[in-house]
Amino acid sequence: MQILIKSGTLVTASETIQADLLIDGEKIALIGHDLPASENAQIVDAHGKYVLPGGIDVHTHFDLPMFGTVSSDDHYTGHKAAAFGGTTTVIDFVPQDLPSLRANIEVWHAKADPKAAIDFSFHMNITNFNDQVAAEIPHLIDEGITTLKVFTAYNNRLRLQDGEIFQVMRIAGKHGMLTMLHAENGDVIDILVAEALAAGHTTPEWHAHTRPAWGAVEAFLRGAALAAQAEAPLYVVHMNAAGEVDQLAYVREKGLPVMGETCPQYLFFTVEDLRRPDGAKWICSPPMRTATDNQRLWEGLINGTIQVLATDHCPFFYDGTKPILYEGQPVKIPGKELGKDDFTKIPNGLPVVGDRLPIFWTTAVVSGKITPNQFVALTSTNPAKIFGLYPQKGSLMPGADADIVIWDPNKKVTYGVAYAQHRTDYNLFEGWELTGFPEKVFLRGNLIVDGREWRGRPGMGRYLYRKPFAEVL
């Protein structure tokens with residue numbers, strides 16, 4: 001079936017043109033002026049609208065067990081929320097719970113494949129390292145996984161020692177894979193948490209106080225130094241501190257292949273939000289910082305120091321004792337109330353996957369901070385290039401997947417939990433007035449979001465086998 005999107009403004013990372021776009025089956029077939037269409041083609045009038053490549057969120061956590069509960073979006077509900085926000089591809093993380101990496105991947109496919117509503121891929125967490133794991137890592141490429149995540153925090157759970165991280169990076173670099181780093185100082189965190197609890201400091205703000213920004217800055221540079229010695233590229237996830245932007249600028253000036261992402265929550269919120277009566281809503285790791293950190297992260301996005309805006313989406317109910325209605329059915333899942341008397345027991349994570357594009361458009365494009373082309377680069381094209389999906393994803397060109405968002409730049413929305421599609425009971429951006437919102441969303445030529453109507457279904461998302469030796473930006 002052909003779909004002809006007529007008279008729209010096509011926006012890519014590099015250009016903006018007035019043109020028609022023809023979809024034939026799952027692919028973009030032609031771009032041009034006054035394109036002809038077959039007699040049975042569906043015509044979509046995009047006059048006055050932007051036509052964007054579907055968003056790509058490379059940092060998500062669906063159906064993730066934590067602190068005796070599980071993140072409240074699974075691979076259907078989270079994908080649906082992403083689609084309503086204009087995102088058509090997500091990459092989730094496979095935990096290393098079993099000895100064999102392949103066995104862990106099979107567990108995650110069993111969770112995701114039947115439920116996936118948009119296209120998806122996986123990263124592999126490396127949280128235990130030994131000779132068997134070292135031998136298995138290169139074979140992840142056969143599974144379409146070309147990215148490995150390591151941690152310098154979460155002692156005795158997720159953290160590797162520096163020498164182990166160095167070895168992972170060397171293997172990754174040799175085989176064209178990319179190492180991703182969660183940068184905090186686990187030793188300092190453990191000491192500060194123990195001291196806080198001993199002093200009776202149990203409220204949410206102490207989550208931030210016990211994870212100081214200097215630990216993130218130090219771990220960032222340490223990770224970059226390890227990558228330099230391993231002669232391997234590095235991607236630092238969820239940058240949240242001003243000093244991390246400084247370090248990223250420094251190492252890139254030195255010619256190191258290091259890249260970084262930040263997330264919407266780190267652009268707008270601070271430790272002051274954790275001091276609110278409902279401060280648990282803002283608990284995530286790394287934590288919110290200060291207004292100065294917000295500003296420096298914005299600068300990093302605007303000037304190109306930071307390459308990607310992702311989300312670290314990992315939602316929990318604020319009050320999991322009370323059900324919400326989701327697709328007409330009551331749902332309740334234990335959530336942040338689990339730590340009402342102890343910040344260390346509050347599940348870490350936020351609902352953001354559907355908010356990313358609308359919030360960023362209003363605050364970055366409408367405000368004049370960045371251009372629509374920069375918006376596409378940060379939220380779609382750069383992620384596709386870095387993570388081995390380009391030009392199949394993240395582009396508007398003949399032969400690419402027809403993952404397309406028709407964006408209404410004039411649509412006014414009072415945003416919040418009633419508008420977003422996450423399966424949880426709150427939204428960080430409650431009451432925000434937005435200008436610009438997705439009107440239609442296509443996944444490989446299939447219309448899955450039409451205004452407020454959901455036309456997607458579980459299982460229609462396709463697993464993406466990503467390419468090694470992806471681009472370093």
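How many bridges join strand 19 to strand 20, and in which sense do the two strands run? Four bridges join strand 19 to strand 20 (residues 446–450), and the pair is antiparallel. The structure is a predicted model, in which local features need pLDDT of at least 70, side-chain atom pairs count only at pLDDT 80 or more, and totals for chains, interfaces and linings use all residues. Residues are numbered from 1 along each chain as its sequence is written, and side-chain values use heavy atoms, with hydrogens and water left out.

- Strand 19 and strand 20 form a hairpin with two residues between them, where strands are DSSP runs (E, at least two residues) numbered from the N terminus.
- In the turn, arginine 444 has a positive phi of about 45°.
- Phenylalanine 442 has leucine 447 of strand 20 as its bridge partner.
- Strand 18 (residues 404–414) pairs with strand 19 over eight bridges in the antiparallel sense; pairing requires at least two DSSP bridges between two strands.
- Threonine 414 stands opposite glutamate 433 of strand 19.
- Strand 19 (residues 433–443) is largely enclosed by the rest of the structure, because nine of its 11 residues are buried (under 20% relative accessible area, 1.4 Å probe, protein chains only).

- An open sheet with parallel pairing has eight strands in the order 6-9-10-11-12-13-14-15.
- Strand 6 (55–60) and strand 15 (308–309) stand at the edges with a single partner strand each, so one side of each lacks a neighbour in the sheet.
- Strand 6 and strand 9 (residues 87–94) run parallel and are joined by four bridges; aspartate 57 has valine 90 of strand 9 as its bridge partner.
- Helix 2 packs on the sheet and touches strand 9 and strand 10 (119–125), contact being heavy atoms within 4.5 Å.
- The direction of helix 2 makes about 150° with that of strand 10 (lines fitted to C-alpha atoms, for helices over the stretch in contact; angles from 0 to 180 degrees between N-to-C directions).

**The largest pocket**

- The largest pocket holds about 960 Å³ of space, the volume being that filled by probe spheres set on grid points joined across faces, edges and corners.
- A pocket is an open set of points on a 1 Å grid over the protein atoms alone, where a 1.4 Å probe fits, with protein on both sides within 12 Å along at least five of seven lines; lining residues have an atom within 4 Å of a point.
- Of the 44 lining residues, Met66, Phe67, Tyr154, Arg157 and Leu158 are the closest to the centre.
- Helix 5 gives the most to the lining, with four residues (helices are DSSP runs of H or I, at least four residues).

Methods: Buried means under 20% relative accessible area, exposed over 50%, partly exposed in between (1.4 Å probe, protein chains only).
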